[in-house]
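Good morning, colleagues. Please look at the structure on the screen; I shall then speak about its chain contacts and one of its helices.

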Amino acid sequence: MPVFDNIPALLVVLPLIASAIVSLLPSARVAWILTFVVTLLCLFMAFELVDIVSNTSSFSYAFGGWEPPWGIVFVVDGANVYLVLLVAFISVVSTFYAYTILAAEIAVEDLPKAYSVWLLAIASLFGLSMTGDAFNLFVFLEISALSSITLIALGAGQDRRALLAAYNYLIIGAIGATFYVIGVGYLYAATGTLNLTDIVDRLNELGTNQAAITGLAFMLAGIMVKAGVFPVHIWLPAAYSFAPSAVSSLLAAVATKVAIYYFARLLFGIFADITLLVEFFLLYILMPVSIIGIFFGTIAAIYQTDLKRLFALSSIAQIGYITLAFSLNSNSGISAGFIHIINHALIKGSIFMAIGIFAFCIGKRATMTSMQGVGRQMPITFAGFVVAGLALVGMPLTAGFISKLYLFKALFETNNGILVAIIAFSSVLSVLYLWKIFEVMWLKEPTKPLKIEKEPIMAYLPVWMMVAVIVVFGVYSNDIVMSGIGAANALIGAN
Amino acid sequence: MTSINLILINWNYIVVILLMMAGLYIIISNQNFIKKLVGLSIFQSSVFIFYISLGKVSGGTAPILTGNDETLYSNPLPHVLILTAIVVGVATNALGLALVVRIQEAFHSIEENKLLALKKFSEQEDRQL
Amino acid sequence: MSDLQVILCISLVIPLVSALGVLVFAKYPNIRDICGPIGGIISFIAAVKIASSIIQGDIVYISLWQIAPGISFSFNVTPLGAIFGLVASGLWILASIYTVGYMRGSGEKNQTRFAFYYAVAIHAAMAIAYSGNLLMLFIYYEILTFSTYPLVTHSQTEAAKNAGRLYMGILVSTSLLLFLPAVLWVWTISGTLDFRQGGILPSDFPVIYVPFLLAMFAFGIGKAALMPIHRWLPAAMVAPTPVSALLHAVAVVKAGVFSILTVTVYIFGIDFLNASGGAIWLAWVAAFTILASSIIAISKNDLKARLAYSTISQLSYIVLGASLATAAAVEGAALHIVMHATAKITLFFCAGAIYVNAHVKNISDLDGLGPKLPWVFIAFFLASLSIIGIPPMGGSWSKFLLMAGAVDAAMPAMLLVLAVSSLLNVYYLLEPVLRAFFKSAKKDIHVEKHVLTIIPPVITAAISLVLFFAVDWIMPLTNLMVVQ
């Protein structure tokens, strides 16, 4: 079928066109319906794409018939096909969630425009995860950054600090993106091509080349900013905590993950031939930075009183786990990283959604004081929140455990006992902040009688959809493990 | 002598580096949000010049077919890329300025140190909620 | 599904059904409170059937689905698991009867919630007993921790909450910090987590790592209350006595030592462990715990606190047996799970009965109470004898086997430890009885009689006595643990 041949392009173009249409619609409800339908279509196409890739292992789409290396290509292989599916799934669920929660946080007349930017963000995430062109990636990176910033700034209706968070993200994100472009420039100077597959071949011929190494350094630095890797994460906590809840759940779940995926692809897929440099970077830069990031994020989260900010900080720690898995530079490490990319997206997405519902129902920001006793009044959402929390610490029968299983497997394979001990210790620390929240929300009595609205079913349904997936992946891990191993095999080959 | 030569030959790259550092310095050191955006623009412009310099082939002419096989052309691709990058840069600046307008409306200030003090204050407010 | 699989399902699901029954009949206290004993009886019958099938050499196994390669959601009854299943379900019958008497006698609030989590905890204990692999054991170990938290903090006072925090803090953090990484380590090197006779560690596993892996298990399984991670057990004594009796004398702590014993027998394999010599240090830690906690027990005036430290000491007998890693020692340890469980639950029942009927908590106030509550103190006396290890009480067998194991392992020092510990037992366990019978009352204490709190300890004391003569029923199972 001709439609199926064009799926990679359609995944970007469809939300893009819909975005233009939605911005012109007068009614918020119609805008939402159109957005939701588009994301659903994208989900179906993503499933179709998984099907195609599982048969052919790699699927390349040349835009306008310009064959690579001249034209822009989208490449979908084992490394990113599940990422595309993840983006599609999360965008469906969070769009569903946005129906009640985003509508409550934003003025009605702004809603169609908000959905327009929302679709733009989704389109750019699809683009980021599929593009096979180094410069095209920069363009999607900026579309994604600008649309995310706009969405974050929409939180100003609730809390004016959202504007500062958005501005900070804009400045830091722009510096990061520019760094990336500088890197691409160097790489182009060295290889004369922008096509990622072509770059690999050219680098192979060139051997170690100063310009290429400089390019790699700049590109990695730029992508790390976008991925929120410690210590260039500083835009992230404020951005996630002041954005509208629906936006936080979308961004926290997939925006950084897409950047991390590309980070891994750069390291293991593109620059793999510059072995010495990559190994040096992984062992002496990425690993220490990841470990410090894990502890920084976890400890900062323990002392945090604002729930959204707390989980934003915990995201930094979790990103640290992913980059740590990558830094082990082994097949099992990379698969562990990719498994955790998906699991953490599901977990953090559902947690941010749940917090959004809490805040919606009590009509205040969710903090350790305002949340006292709220859990008992909102048992359905709270139960989902607890399951997601258990998954975050890696309890068995949740997806988080599968991540932990494979992360530890990769760690044990290094035969480095100290590393294992450090990581085991950090995962215990994360229990502390979750326990603190549990205690506040379930065991404490509210200081004054709570005025609580009923939990809206349209809001907790998506939370439970995500939680259901978390549990299914926890009890039946075959698919998710295969996706991770497939990604690792696609990047560095089976070993 | 050789080092001076190196500088003279690569003077355009030296300019790029100077502009880049100037831009970054403005972003980091300035308290004013608009000036920060100006710094960002300078920083981005330096990259544009970097790309344009990359594409220039010495003695090459504009990449328009002359019909003569001997003609030396400059590389058009970096120039085209930078057209895109300029558009992106404009969009970033536009969004940044829009945000600054909103910040001014919401906080009545666009000086970072004053805003930080305000922010601290409202964080204390949050705790007392 | 074969008949045995159905029976296995019944023994696992019945506690959950009983928990649901408690919720459904929350409005009718009499029907609600009968759910526990009925569930206990059905589970116990199923457990007996399972144990007899194991003795006959059948395999009782259910595998539901695969969680990850080499790990499935499965139950597989090992001989050791069959023993623990018998203990947990059998004592549940009496404990649930006693609970009714105690809770009504002392007029506790939230009895429905209490009964619900009590049954869930039993479900977790049964699942631990019958778990088919180390991950299943870990999962239910955690469920047991979580389900007992509401029981520990039942009174919802500030003290109870602090105790609950310590309880959760120690048990959850040790399990995540050490136990889970140890499980993952085993999985990484052996590719499976199934329990197998003789262990699953690959033969090329470096001997120098054995003490580390064993330490991760020994200290990661915080429920075994090995010093220095024993603090949660005395703290958990803020819970109502039925919790202390069933959970902190039987289900929770025995789940801990059961886990350690399972790990040594079915993960390491006793031959491997013995040959590697990686468990000698653990024997010394256990010996230290035995003596130190006995000495602390002497200093405690609160009856429940004294029993708590006595429990810590007795648990280390089992850890000691596991770490000696000889056939006799391991058998002794398994037997001690049964013997100590029946004896210690009797002691806690008695402590609770004294509290409910006479409102006395401290040992120094027991003077002259014996004639007023004769059955309670006779039961207390018999159970004490069993723990000390004096024939004709069941505890004498397990102590005998542990001593034989110490000789086999060529560690005569452990004989001395066991002997000294017995002397200390005599002192701190017989003191309450002697005070009650041979000292005259300082003040007149009003004594009520709640029959449901008095019958269960008498029965369990009688069981302790019967076990001395009936040890042949259990020995086939312990023998199966060590045959090749």
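I begin with chains A and C: 17 residues of chain C are in contact with 21 residues of chain A, where contact requires C-beta atoms, placed from the backbone, to lie within 7 Å. On the chain C side, strand E1 (61-68), helix H5 (134-152) and helix H6 (158-190) each give at least two residues; helices (H or I, at least four residues) and strands (E, at least two) are DSSP runs numbered from the N terminus. H6(C) provides the largest share, nine residues. This side comprises 13 nonpolar, two polar and two charged residues, with Ala, Val, Leu, Ile, Met, Phe, Trp, Tyr, Cys and Pro counted as nonpolar, Asp, Glu, Lys and Arg as charged, and the others, Gly among them, as polar.

This is a predicted model: local features need pLDDT of at least 70 and side-chain atom pairs count only at pLDDT 80 or more, while totals for chains, interfaces and linings use all residues. Residues are numbered from 1 along each chain as its sequence is written, and chains are lettered from A and ligands numbered from 1 in the order in which they are written.

The model scores ipTM 0.91 and pTM 0.89.

Turning to chains A and B, the contact takes 31 residues from chain A and 30 residues from chain B. On the chain A side, H6 and helix H7 (161-191) are the elements giving two or more residues, and H7(A) contributes the largest share, 15 residues.

Finally, 20 of the 20 residues of H6(A) are buried (20 or more other C-beta atoms, placed from the backbone, within 10 Å of their own), so this helix is largely enclosed by the rest of the structure.

Notes
Buried ≥ 20, exposed ≤ 12 C-beta atoms within 10 Å, placed from the backbone. Contact = placed C-beta atoms within 7 Å.
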